[in-house]
Amino acid sequence: MGELPVSACGRIIRNATNMRVGRDAAVVLAEMLEEIGEEIASEAGKLAKHAKRKTVKASDIKLAIK
C-alpha cells in the first residue's frame, strides 16, 4: 500500500466537490483506490494468463472492470 499520492487524491475530492478536503479524507480515498486498483489488476492478470500472454493490456483492464 501507499502507492498513490495523498495530495493527488485530495485534488480529486476538491475538484469533484469544490470544497476543502481534510487530510484524513484524502488518505482514506487513496487507500480505497489502491484496494480497488489491486483487485482490478489481479483480475486483469488472470485474463492475460488465460490468453497465454505475459503482458497485461488495456483491454484486460477494461474487461476486468466489467
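Q: Where is the place of D60?
A: D60 lies in helix α3, which spans residues 58-65; helices here are DSSP runs of H or I with at least four residues, numbered from the N terminus. This is a predicted model, in which local features need pLDDT of at least 70 and side-chain atom pairs count only at pLDDT 80 or more, whereas totals for chains, interfaces and linings use all residues. Residues are numbered from 1 along each chain as its sequence is written, and side-chain values use heavy atoms, with hydrogens and water left out.

Q: Is D60 buried or exposed?
A: Buried means under 20% relative accessible area, exposed means over 50%, and partly exposed lies in between, with a 1.4 Å probe and protein chains only. D60 has a relative accessible area of 5%, so D60 is buried.

Q: Which residues does D60 touch, not counting residues up to four places away in sequence?
A: Contact means heavy atoms within 4.5 Å, and under that exclusion D60 touches A44, L47, A48, R53 and T55.

Q: At what angle do helix α1 and helix α2 pack?
A: Axes are lines fitted to C-alpha atoms, for helices over the stretch in contact, and angles run from 0 to 180 degrees between N-to-C directions. Helix α1 (residues 6-17) and helix α2 (residues 23-50) pack at about 105°, with their axes 8 Å apart.

Q: Which residues in α1 and α2 meet?
A: From α1, V6, C9, G10, I12 and I13 meet R23, A25, A26, V27, L29, A30 and L33 of α2.

Technical notes
Helices (H or I, at least four residues) and strands (E, at least two) are DSSP runs, numbered from the N terminus.
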